[in-house]
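This briefing is for a reader new to the structure. Please look over the sequence and the model first; the notes follow by topic.

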Amino acid sequence: MVWLIILSIILATANNAILHGQSNNSLKKIFLFNFFVSFVWIVILLLLSAHKLELSKETLFYGMGYGVLQGMFLFFKMQAMATGPIGITTLLGNCSLILSTICGVVFWNESVNLWQILGVVLLAFALIFCTKFARDKRPQKMWIFYVLGFFVVAGAVGVYIKAFSLAVPQKTDSVFIISAVFMTFLYLILFFIVPRGKNTKNYLSKKDWIAAIACGIVSCSYNRLNSILTANISSIIFYPVFNGATILASTLCGYLFFKEKLSKRQISGLVLGIIALALISDCLSRGGVSEPA
């Protein structure tokens with residue numbers, strides 16, 4: 001299991017790095033990129049779970065809803081990774097478990113202990129530290145918008161997975177396949193209806209094709225791995241390890257391959273954020289909320 005966790009962390013970090021490299025793309029090109037990422041998901045999921053496919057009103061309903069949310073998640077995550085620092089963006093996206101925790105308490109009567117409340121407080125300070133940029137290196141306004149969307153939609157995805165896992169137990173594979181198909185068609189429709197930008201390339205280069213295929217493979221693979229790992233490892237162990245290691249690995253990746261430098265304040269925020277996520281994640285071990293990454 002240890003090697004599977006390490007593999008999942010490597011794949012998640014690789015996915016973040018690929019998305020980080022997709023900057024300065026037109027909206028039309030972004031939708032086409034995500035169309036091929038979604039198509040790769042369909043191929044992999046059908047190969048793995050085609051024998052479990054079950055079409056019903058429930059699976060179609062939850063699959064279409066999850067497809068919309070997952071499509072929004074891929075869009076906001078891609079844009080947030082492309083326009084901002086990879087390590088800090090990863091941390092802010094993972095902070096979405098706060099929303100999942102709150103929804104768990106409100107809708108499923110899950111309890112919250114003192115350590116989790118402390119974790120939320122520490123996370124607030126971590127976010128302040130991490131988002132404190134030097135005057136000459138202020139974040140792009142669009143990054144703030146995209147990372148906020150990444151945070152909100154990631155939390156919504158986690159809650160939605162919880163909802164349909166309770167409503168259609170033993171049928172989640174069918175929901176995932178249906179959602180991937182629906183998401184693919186959604187991106188294809190968006191590609192055709194969005195007008196062509198002026199003086200922009202609206203097609204994928206050979207490099208983009210390779211990146212889209214690679215992104216589809218690694219993102220689908222680590223999500224499937226995580227579904228196996230969370231079924232066999234206590235969430236109170238898995239989520240802090242996976243989230244913390246992915247944040248650190250993504251930060252290191254940004255430093256080594258993208259020459260990103262963080263201030264001492266931001267590094268302190270990252271460390272504090274990892275500790276806070278470890279404290280908050282105890283709620284996941286009892287609530288069973290699955291977090292996207």
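**Aromatic residues**

One aromatic cluster is formed by Phe31, Phe75, Phe76, Phe145, Tyr146 and Tyr187. The model is a predicted one.

Rings and pairs
- The model has 19 aromatic pairs.
- The ring of Phe191 has Lys28 over its face, at 4.6 Å from the ring centre.

Nonpolar core
- The largest nonpolar core holds 80 residues.
- Helix 2, residues 27-49, supplies the largest share of this core, with 12 residues.
- Phe33, Leu123 and Phe164 have the most contacts inside the core.
- Leaving aside residues up to four places away in sequence, Leu123 touches Cys95, Ile98, Gly273, Ala276, Leu277 and Ile280.

Helix 8
- Helix 8 covers residues 172-193, which makes 22 residues.
- From its first C-alpha to its last, helix 8 reaches 31 Å, close to the 32 Å expected at 1.5 Å a residue.
- Buried residues of helix 8 include Asp173, Ser174, Val175, Phe176, Ile177, Ile178, Ser179 and Ala180.
- Further along helix 8, Met183, Thr184, Tyr187 and Phe191 are also buried.

Methods:
Residues numbered from 1 in each chain as written. Predicted model: local features only at pLDDT ≥ 70, side-chain atom pairs only at ≥ 80, totals over all residues. Heavy atoms only, no water. Core = buried A, V, L, I, M, F, W, Y, C linked by side-chain atoms within 4.5 Å. Buried < 20%, exposed > 50% of the residue type's maximum accessible area, 1.4 Å probe, protein only. Helix = DSSP H or I, 4+ residues; strand = E, 2+ residues; numbered from the N terminus. Contact = heavy atoms within 4.5 Å. Phe/Tyr/Trp six-rings, centres within 6.5 Å; stacked < 30°, edge-to-face > 60°. Lys NZ or Arg CZ within 6 Å of the ring centre and 35° of its normal. Expected span 1.5 Å × (residues − 1).
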